[in-house]
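Biologist: I would like a close look at one part of this model. Please pick a single element, go through it residue by residue, and then place it in its surroundings.

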Amino acid sequence: MRKYIIAGNWKMNNDLGASKLLITNLLNGLVDKKSTEKRIIVSPSFVNLYPVNEWVKDSVIEVAAQNMHFEQSGAFTGEVSASMLKSIGIKTVIIGHSERRTFFNETDELLAKKVETAIQNELEVIFCFGEQLADRKSENHFNVVEAQLSKALFQLKNSAWNQIVLAYEPVWAIGTGETASPEQAQEMHLFIRNLIAKNYSQELANTISILYGGSMKASNAKELLSNLDVDGGLIGGAALNSEEFLTIYNSI
Ligand code: PGA
């Protein structure tokens, strides 16, 4: 079901102590004690997934992994499988983040495999995609986004889509302080929803949460989130500060 989602991607930040402090501050500051029509998710590093999930277990805060391998198990030193995530109670995984694409050479083909494995393992996927600055400047951004979604997701069956959350993250806005304007975000989100409608159905498209990511913060969240097709945010830098993150969550 389409819900508002505010997800914090902690990236390679927060050791055990810092994770505990941030979670404590979030729990203390949260007004919502019960799950409503909006969701709040944090995504710590692999090593802190288990304790963080324990600390939030009686609250509305959910926990997602930042990545996983596409194989079920085997000789893949340093990697983490879907079943390992499941076995510690993790239900959601971020796949396709632009930093994974850029620094770890993750291709659309590889991401398609990861999505497939996550779906098979009944994990929810927050799938990230978005154009580079050069694509936007050459007005190629719609084509790039369509290609990314076609290659990684449009092979999925209708039924798999209840495990998919989309996160449109223009690469030029990630960690740069530069944000897509509310108009640019809405235009792209509507384009994405229409693509799902074209490849599946309008009915299905209307159920998909499409998050925006890229320098979303307390000061611009309300404007971005007030757009009809922006169903939440994937937040990096501003998710490391409990007040900022909760302000974003509360602005829905
Ligand atoms: P940012 O990161 O909010 O720091 O731009 C967003 C993301 O990478 O998901």
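Modeller: Take strand S5 (residues 124-129). Glu124, Ile126 and Cys128 point one way from S5, while Val125, Phe127 and Phe129 point the other way. In a regular strand the side chains alternate between the two faces of the sheet. Both sets in S5 are buried, meaning under 20% relative accessible area; exposed means over 50%, and partly exposed lies in between (1.4 Å probe, protein chains only). With 6 of its 6 residues buried, S5 is therefore largely enclosed by the rest of the structure.

A word on the basis. This is a predicted model, in which local features need pLDDT of at least 70 and side-chain atom pairs count only at pLDDT 80 or more, whereas totals for chains, interfaces and linings use all residues. Residues are numbered from 1 along each chain as its sequence is written, and side-chain values use heavy atoms, with hydrogens and water left out. Helices (H or I, at least four residues) and strands (E, at least two) are DSSP runs, numbered from the N terminus.

Now the neighbours of S5. Two strands count as paired if DSSP finds at least two bridges between them. Strand S4 (residues 92-95) pairs with S5 in the parallel sense, over 4 bridges. Strand S6 (residues 164-168) also pairs with S5 in the parallel sense, over 5 bridges.

Ile126 is buried, with a relative accessible area of 1%. Which residues does Ile126 touch, not counting those up to four places away in sequence? Contact here means heavy atoms within 4.5 Å. Thr92, Val93, Ile94 and Ile95 are among them, and so are Val165 and Ala167. Ile126 also touches Ala7, Ile41 and Leu211. Gln66 lies 60 residues from Ile126 in sequence and 9.3 Å from it in space, C-alpha to C-alpha.

What does S5 belong to? A closed barrel of 8 strands runs S1-S2-S3-S4-S5-S6-S7-S8, with parallel pairing. Neighbouring strands of this sheet are turned by 25° against each other on average, direction ignored. Helix H2 (residues 46-55) packs on the sheet, where it touches S2 and S3. The direction of H2 makes about 160° with that of S3. Axes are lines fitted to C-alpha atoms, for helices over the stretch in contact, and angles run from 0 to 180 degrees between N-to-C directions.

Strand S1 (residues 4-9) and S2 pair in the parallel sense over 6 bridges. There, Ala7 has Ile41 as its bridge partner. Strand S3 (residues 61-65) pairs with S2 in the parallel sense too, over 3 bridges. Ile41 stands opposite Glu62 of S3, and Val42 stands opposite Val63.

Next, the helices. Two packed helices are described by the angle between their axes and the distance between the axes. The axes of helix H1 (residues 16-29) and H2 come within 10 Å and cross at roughly 25°. That makes H1 roughly parallel to H2; angles under 35 degrees count as roughly parallel, over 145 as roughly antiparallel, 65 to 115 as roughly perpendicular, and the rest as oblique. From H1, Leu16, Ser19, Lys20, Ile23 and Leu27 meet Asn48, Pro51, Val52 and Trp55 of H2.

Helix H10 (residues 218-225) and helix H11 (residues 242-250) pack at about 20°, with axes 9 Å apart. H10 and H11 are therefore roughly parallel to each other. Ala218, Ala221 and Leu225 of H10 make the contact with Glu244, Thr247 and Ile248 of H11.

Last, two backbone details. Lys11, in the loop between S1 and H1, has a phi near 50°, a positive value in a residue other than glycine. Lys11 is buried, with a relative accessible area of 19%. Glu139 is not a glycine either, and its phi is positive at about 55°. Glu139 is found in the loop between helix H6 (133-137) and helix H7 (141-152). Glu139 is exposed, with a relative accessible area of 65%.
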